[in-house]
Amino acid sequence: QVQLVESGGGLVQPGGSLRLSCAASGGIFSLHAMAWYRQAPGKQRELVASITGGGARDYSDSVKGRFVISRDNDRNTVYLEMSSLKPEDTAVYYCNSRRGTWPWGQGTRVTVSS
């Protein structure tokens, strides 16, 4: 059973940066495309960034040019570098496989506010 643990969230001012981490255990991490998702209050969970096992990246239009997804297969960890943060980036951020098939972790909360 795969377990996912997200960390790195917090309160940041508009224009600031944060780095999120997601540690995975219990599966063959390197074989799976991974993704970061977020869920803002009152909204559905949305996919914001994905990365294949080989490192090919894709982003939603809302974060393209501001967020960078990366992975370390040796550490079974996926990262999300977020910069130029906006209030509309406020959400709970989750990682999962690209298809969202694993049990969801607790997420990490990001609040962008002055």
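In which strand is the place of leucine 4? Leucine 4 lies in strand β1. The model is predicted, and its strands are arranged in a four-strand open sheet with antiparallel pairing and a six-strand open sheet with mixed pairing. A search of the whole structure also gives six salt bridges, and the largest nonpolar core holds 28 residues.

**Four-strand sheet**

- The strand order in this open sheet is β1-β3-β8-β7, and the pairing is antiparallel.
- Strands β1 (3-7) and β7 (67-72) are the edge strands, each pairing on one side only.
- On average, neighbouring strands of this sheet are turned by 15° against each other, direction ignored.
- Five bridges join β1 to strand β3 (residues 18-25) in the antiparallel sense.
- Strands of a sheet pair through backbone hydrogen bonds, in either a parallel or an antiparallel manner.

**Leucine 4**

- The bridge partner of leucine 4 in β3 is alanine 24.
- Leucine 4 counts as buried because its relative accessibility is 5%, under the 20% limit.
- Apart from neighbours within four places in sequence, leucine 4 is in contact with Cys22, Ala23, Ala24, Met34, Cys95, Asn96, Trp102, Pro103, Gly105 and Gln106.
- The C-alpha atoms of leucine 4 and glycine 107 are separated by 8.8 Å, although these residues are 103 apart along the chain.

**Six-strand sheet**

- The order in this open sheet is β2-β10-β9-β4-β5-β6, with mixed pairing.
- Strands β2 (10-12) and β6 (57-59) stand at the edges with a single partner strand each, so one side of each has no neighbour in the sheet.
- Neighbouring strands here are turned by 25° against each other on average, direction ignored.
- The pairing of β9 with β10 is antiparallel and runs over three bridges.
- Alanine 91 has valine 110 as its bridge partner in β10.

**Nonpolar core**

- The largest nonpolar core has 28 residues, and those with the most contacts inside it are Leu4, Trp36, Ile69, Val78, Leu80, Met82 and Tyr93.
- At least two residues of this core are supplied by each of β3, β4 (34-39), β5 (46-51), β7, β8, β9 and β10 (108-112).
- Strand β3 gives the largest share of this core, four residues.
- Isoleucine 69, leaving aside neighbours within four places in sequence, is in contact with Met34, Ala35, Trp36, Ala49, Ser50, Ile51, Arg57, Tyr59, Val78, Tyr79 and Leu80.

**Salt bridges**

- Arginine 38 and glutamate 46 form a salt bridge in which the closest N and O atoms are 2.8 Å apart.
- In that pair, arginine 38 counts as buried at 5% relative accessibility, whereas glutamate 46 is partly exposed with a relative accessible area of 34%.
- Lysine 64 and aspartate 61 form a salt bridge, with 3.4 Å between the closest N and O atoms.
- Of these two, lysine 64 is partly exposed with a relative accessible area of 48%, and aspartate 61 is exposed with a relative accessible area of 69%.
- Aspartate 72 and arginine 75 form a salt bridge whose closest N and O atoms are 3.3 Å apart.
- Here aspartate 72 counts as partly exposed at 22% relative accessibility, while arginine 75 counts as exposed at 61%.

**Positive phi values**

- Most residues other than glycine have a negative phi.
- Asparagine 76, a residue other than glycine, has a positive phi near 50°.
- Asparagine 76 is in the loop between β7 and β8 (77-82), and counts as partly exposed at 22% relative accessibility.
- Serine 84, again a residue other than glycine, has a positive phi near 45°.
- Serine 84 is in the loop between β8 and β9 (91-97), and is partly exposed with a relative accessible area of 41%.

Notes. Residues are numbered from 1 along each chain as its sequence is written. This is a predicted model: local features need pLDDT of at least 70, side-chain atom pairs count only at pLDDT 80 or more; totals for chains, interfaces and linings use all residues. Side-chain values use heavy atoms; hydrogens and water are left out. A salt bridge is a side-chain nitrogen of Lys or Arg within 4 Å of a carboxyl oxygen of Asp or Glu. Buried means under 20% relative accessible area, exposed over 50%, partly exposed in between (1.4 Å probe, protein chains only). Two strands pair if DSSP finds at least two bridges between them. Axes are lines fitted to C-alpha atoms, for helices over the stretch in contact, and angles run from 0 to 180 degrees between N-to-C directions. Contact means heavy atoms within 4.5 Å. A nonpolar core is a set of buried Ala, Val, Leu, Ile, Met, Phe, Trp, Tyr and Cys residues joined through side-chain atoms within 4.5 Å.
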